[in-house]
Amino acid sequence: MVQHILDSSAASSNRTAASKTCLELLRYADHRTNLASTDALPRGRNKDARAWLSAALVYQYDCWSTLKYANDTSLVDKTMAFFHSSVIATGSDALSMVLNYDVFGDKTGLWGLARTERDGFWEPAPAPGGPGQAGGVPRDLKADVAVCEKGCEYESVQKAVDAAPDNAGPGARFVIWIKEGVYEETVRVPLEKRNVVFMGDGMGWAKPDDINWGNLAPGLKFGAVVGDGFMATGLTIQNTAGPEAHQAVAFRSGSDLSVVENCEFLGNQDTLYSHSLRQYYKSCRIQGNVDFIFGNSAAFFQDCLILVTPRQLNPEKGENNAVTAQGRINPAQSTGFVFQDCVINGTDAYMALYYSKPKAHKNYLGRPWKEYSRTVFIHCTLEALIMPDGYMPWSGDFTLKTLYYGEFENRGPGSDTAKRVSWSSQIPAEHAGSFSVGNFIQGNEWIPALLP
């Protein structure tokens, strides 16, 4: 049906673009569904199957959502209706069945509709809290190729990515050394480029008012990272569009089992699009203002510095900012954001504004982008800019009865939970381990241990 839309859309650039995007998303959905049914489930890898079917549902929903903005023909309307009633519904049912099988096994009498922590349901947490936490990008990597402004094999990061072998097997990494410089290009790591590693010379710490910061460290903008096993270390990645541009993604990732360490992401609205699948961010610096960490992945942020930056051209008048906007669309999806041992603060420029008029500059830990949004903060330092109520609604009471926003043993002036909104939660101590690296993203199975 989507191909028919494309074939009939020569006169509509908007519909053509939407149908091409949708076809690509459906290719990803088919890939993940096939992996779940032919690889994960036969080998008893239920958590992998759940992760991949969760992603397939994201892609199917995104296809439907993309067509929504090009719905100017009866064919598009019929296709959207089919997706809603059949494709997405079937994907949801399949995911729910795998969830039940993973949790209850052959005891089908216990199977039922997916429930969440908000319902008081907690999955068994077999992995201890420790494994996977002392990991990251391996320290002994050797470059396969180098990128620099002059004198290397490549002067373009994208050309180096293109040179990586297709469909590399487990452990076969392709390491690209991105030397210090300014790389003003949009980089895409496609599905077939697995285990690509970006190794930079170190992330730069730009001055708050410095636009041309790129001489401090590589500066890239990503169209998307889709190939599994992606790793990055020592990079600064920035979208330089500025606050007046509204949505301006610096980094988008749908790479399963990806590790990003010691990287800096700079932007304003929607800086980091953690789109889908299992992702691990360690010791990163993420800067923005409106919903600047968003998506529907299962993402774990550890030891990261999360900074709010001035939002408007005239920011002194005040604003409402949300750090996160997690987009889980189905209660059976194994997705959500976990922040552990992170610091939530503002840049020096923003904090000067905040202290000049604290009541005008309102900052929240998150707001629910989709119905089953899930975000937790564990052992984090929440600074003074965080509002006492902690979270803000998206629109009216949308999602307020189905989301899960949890906190556990945070510290700092913004961590007082006495005035938190009634629809947020305190994580019971006996269930805090459900959000460990090992249990939430199975990180103890795939995040490389650091060498001494």
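Hi everyone. Helices H2 and H3 run roughly antiparallel to each other, because their packing angle of about 165° is over the 145 degrees at which that term applies. Before I go on, please keep in mind that what we have here is a predicted model.

Let me stay with that pair for a moment. H2 covers residues 13-40 and H3 covers residues 46-68. Their axes are 8 Å apart, and the crossing of H2 and H3 is left-handed. If you sort the residues of the contact of H2 with H3 by class, you get 17 nonpolar, 4 polar and 4 charged.

The structure holds 2 disulfides, and one of them joins cysteine 22 to cysteine 63, with an S to S distance of 1.5 Å. Cysteine 22 sits in helix H2 and cysteine 63 in helix H3, so this pair ties together parts that are 41 residues apart in sequence.

Now, which other helix packs with H3? That is H4, residues 74-104, again at an angle of about 165°, with the axes of H3 and H4 10 Å apart. H3 and H4 are therefore roughly antiparallel to each other. The crossing of H3 and H4 is left-handed, and the contact of H3 with H4 has 17 nonpolar, 7 polar and 4 charged residues.

The largest pocket holds about 920 Å³ of space. How many residues line the largest pocket, and which lie nearest its centre? The lining has 39 residues, and Asp62, Arg252, Tyr273, Phe294 and Trp369 lie nearest the centre. By class, the lining of this pocket has 16 nonpolar, 13 polar and 10 charged residues.

Where does that lining come from? Helices H2 and H3 each supply at least two residues, and so do strand S5 (219-225), strand S8 (251-253) and strand S14 (290-295). H3 gives the largest share of the lining of the largest pocket, with 7 residues.

Searching the whole structure turns up 2 cavities of 30 Å³ or more. About 370 Å³ of space lies in the largest cavity. Its lining has 26 residues, and nearest the centre of the largest cavity are Arg50, Glu123, Ser334, Arg374 and Phe440. The elements that give two or more residues to this lining are H3 and helix H7 (437-440). The largest share of the lining of the largest cavity, 3 residues, comes from H3. Sorted by class, the lining of the largest cavity has 12 nonpolar, 6 polar and 8 charged residues.

What about the second largest cavity? About 30 Å³ of space lies in it. The second largest cavity is lined by Ala51, Ser54, Leu277, Arg278, Ala298, Ser334 and Thr335. By class that makes 3 nonpolar, 3 polar and 1 charged. If you have the model open, have a look at Ser334: it is among the residues nearest the centre of the largest cavity, and it also lines the second largest cavity.

Note on methods. Residues are numbered from 1 along each chain as its sequence is written. This is a predicted model: local features need pLDDT of at least 70, side-chain atom pairs count only at pLDDT 80 or more; totals for chains, interfaces and linings use all residues. Side-chain values use heavy atoms; hydrogens and water are left out. On a 1 Å grid over the protein atoms alone, a cavity is a set of points where a 1.4 Å probe fits but cannot get out, and a pocket is an open set with protein on both sides within 12 Å along at least five of seven lines; lining residues have an atom within 4 Å of a point. Grid points are joined across faces, edges and corners, and a volume is the space filled by probe spheres set on the points. Helices (H or I, at least four residues) and strands (E, at least two) are DSSP runs, numbered from the N terminus. Ala, Val, Leu, Ile, Met, Phe, Trp, Tyr, Cys and Pro count as nonpolar, Asp, Glu, Lys and Arg as charged, and the others, Gly among them, as polar. Axes are lines fitted to C-alpha atoms, for helices over the stretch in contact, and angles run from 0 to 180 degrees between N-to-C directions. Angles under 35 degrees count as roughly parallel, over 145 as roughly antiparallel, 65 to 115 as roughly perpendicular and the rest as oblique. A crossing is left-handed if the near helix is turned anticlockwise from the far one by less than a right angle, and right-handed if clockwise. A disulfide is a pair of cysteine sulfur atoms within 2.5 Å.
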